[in-house]
Amino acid sequence: MEKERENSSVYFHRPPETLNCAQSIMKGFQKEFGVSDEEIEAFRAWGGGRAEGGVCGALYAADILLKRKGMPSISAEFAKKVGATTCKEIKGNQLCSCPNCVRIADELMVELMEKTGH
């Protein structure tokens, strides 16, 4: 029996890779989306509030992957659960920890994928 997929949050800052929020989502969905190790490494640039528009890196990575399969953004659902979508707002107002943002983005992706049959 195949091992159940782990939530992407297990990869956040875990040695030896010490992946950031964006990378953790990419790693967590590596098999489902055919993400290369090189692409995971490239997403190091999008963690810590450096994603386009200051968006949370976990949300940014999730939306990039979902878009590849023609699925909608999880941004609205993420904002409902976390309270904001930008890293600055989330961290500045202490709305949610980074590992929890990764966990929430992962859960929302799984939910959407199950709903849409992907």
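**Aromatic pairs.** I searched the whole structure, a predicted model, for aromatic pairs and found three. I counted rings of Phe, Tyr and Trp (its six-membered ring) as paired if their centres lie within 6.5 Å, with planes under 30 degrees apart taken as stacked, over 60 as edge-to-face and the rest as tilted. I noted both Phe-29 and Phe-33 as buried, where buried means under 20% relative accessible area, exposed over 50% and partly exposed in between (1.4 Å probe, protein chains only). Phe-43 and Tyr-60 form a tilted pair, with 6.3 Å between centres and 40° between planes. This pair links distant parts of the chain, 17 residues apart: Phe-43 is in the loop between α3 (37–42) and α4, and Tyr-60 is in helix α4. I read a relative accessible area of 7% for Phe-43 and 15% for Tyr-60; Phe-43 is buried, and Tyr-60 is buried. Phe-43, Trp-46 and Tyr-60 form one aromatic cluster.

**Conventions.** Residues are numbered from 1 along each chain as its sequence is written, and side-chain values use heavy atoms, with hydrogens and water left out. For this predicted model, local features need pLDDT of at least 70 and side-chain atom pairs count only at pLDDT 80 or more, while totals for chains, interfaces and linings use all residues. I took helices (H or I, at least four residues) and strands (E, at least two) as DSSP runs, numbered from the N terminus.

**Phe-33.** I listed the contacts of Phe-33 (heavy atoms within 4.5 Å). Leaving aside neighbours within four places in sequence, they are Leu-65, Leu-66, Lys-69, Met-71, Met-109 and Met-113. Lys-69 lies over the face of Phe-33, at 4.9 Å from the ring centre; the criterion is NZ of Lys or CZ of Arg within 6 Å of the ring centre and within 35 degrees of the ring normal.

**Val-35.** I located Val-35 in the loop between α2 and α3. Is Val-35 buried or exposed? Val-35 is buried, with a relative accessible area of 5%. Not counting residues up to four places away in sequence, Val-35 touches Met-26, Phe-29, Gln-30, Ile-40, Leu-65 and Arg-68.

**Helix α1.** Seven of the eight residues of α1 are buried, among them Cys-21, Ile-25 and Gly-28. I found that the buried residues of α1 pack against α2, α3, α4 and α7.

**Helix α7.** Helix α7 (residues 98–116) has 19 residues and reaches 27 Å from first C-alpha to last. That is close to the expected 27 Å, which is 1.5 Å times one less than the number of residues. Its buried residues include Asp-106, Met-109 and Met-113. I noted α1 (21–28), α2 (30–33), α4 (57–68), α5 (75–82) and α6 (87–92) among the elements that cover the buried residues of α7. Gly-117 follows α7 and has a positive phi, near 75°.

**Nonpolar core.** I defined a core as buried Ala, Val, Leu, Ile, Met, Phe, Trp, Tyr and Cys residues joined through side-chain atoms within 4.5 Å. The largest has 36 residues, and those with the most contacts inside it are Ile-25, Phe-33, Leu-65, Ile-74, Phe-78, Ile-90 and Met-109. The elements giving two or more residues to this core are α1, α4, α5 and α7. Its largest share, eight residues, comes from α7.
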